[in-house]
Amino acid sequence: IGVECDTALGGKEALDEIERRGSAYDICFIDWKMPDIDGMELTRRVKASKRGKSVVIMISSADLSAIENEGRSAGVDRFLSKPLFPSTVTDCINECLGVAENVAGSEAFAEEDDYSGRCVLLVEDVEINREIVLTLLEPTNLSIECAENGVEAVRMFSENPERYDAILMDVQMPEMDGYEASRRIRALGAPNSASVPIIAMTANVFREDVEKCLEAGMNDHLGKPLDIGEVLSKFRKAFPRK
């Protein structure tokens, strides 16, 4: 994508490279687990040197909850879940650089896209992703409630199944992924559990990935990073006019 990039095999080499460069890197992608200096300590040193404008820690979703608070206090700006995908890396770069998100102006919203009185359950484990979706959908006047993993999503839906008009379901999450959460919601036997539209959100948009979503009981899918035009198109199908 045309970004100038230097690499280092570990924390010490990274610090040497930062010192050699003399000017600040726009983004430092740092692995959490390294043999000489771990990601947390390297983040502290990078931030102390003021040679890294944004620090992104690369970590598996399963390990994130254990270090998220420590990472924030160390100065981590964002966490990037492994395995990495080109679309999520590019999205992260855009966020760090302040590049305008793929958010269309008011001309993208038609009168039919006012969903006042409807409620959506957003299931997404990454905070910045939740914030992006909430910002994207603000003009729709939807009421949006958030769950941070599949376990929480199943609990929230089972407690009030008729509350939700649709579910936006991330696929890769700790504790319980979107596939299993969708299967459990469909199996609840509660009002609305079989019919509520479940829309997957995933960076994987190959045919087999889409088929896996459908087999788990989801109705449709959205590719990440989200495009507001595509999101509105899915909602127009999920919320047909009477």
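Let me start with charges: the count comes to 21 salt bridges. Keep in mind that this is a predicted model.

Take K47 and D77. Their closest N and O atoms are 2.9 Å apart. K47 sits in helix α2, while D77 is in the loop between α3 and β3, 30 residues away. How accessible are the two? K47 is partly exposed, at 25% relative accessible area. D77 is partly exposed as well, at 28%.

Next pair: R236 and D113, a salt bridge at 2.7 Å, N to O. R236 lies in helix α9 and D113 in the loop between α4 and β4, so this bridge ties together parts 123 residues apart in sequence. Is D113 buried or exposed? D113 is buried, because its relative accessible area is 1% and the cut-off for buried is under 20%. R236 counts as partly exposed, at 31%.

E145 is in strand β5, and R163 is in the loop between α6 and β6. R163 is partly exposed, at 36%.

There is also a network. Salt bridges link E4, D6, E17, R20 and R21.

Now the nonpolar side. The largest core has 23 residues. L121, V123, I167, M169, I185, I198 and M218 have the most contacts inside it. β4, α6, β6, α7 and β7 each supply at least two of its residues. Which element gives the largest share? That is α6, with 4 residues.

Look at I185. Beyond its neighbours within four places in sequence, I185 contacts V154, F157, I167, M169, S193, V196 and I198.

How values were computed
Residues are numbered from 1 along each chain as its sequence is written. This is a predicted model: local features need pLDDT of at least 70, side-chain atom pairs count only at pLDDT 80 or more; totals for chains, interfaces and linings use all residues. Side-chain values use heavy atoms; hydrogens and water are left out. A nonpolar core is a set of buried Ala, Val, Leu, Ile, Met, Phe, Trp, Tyr and Cys residues joined through side-chain atoms within 4.5 Å. Buried means under 20% relative accessible area, exposed over 50%, partly exposed in between (1.4 Å probe, protein chains only). Contact means heavy atoms within 4.5 Å. A salt bridge is a side-chain nitrogen of Lys or Arg within 4 Å of a carboxyl oxygen of Asp or Glu.
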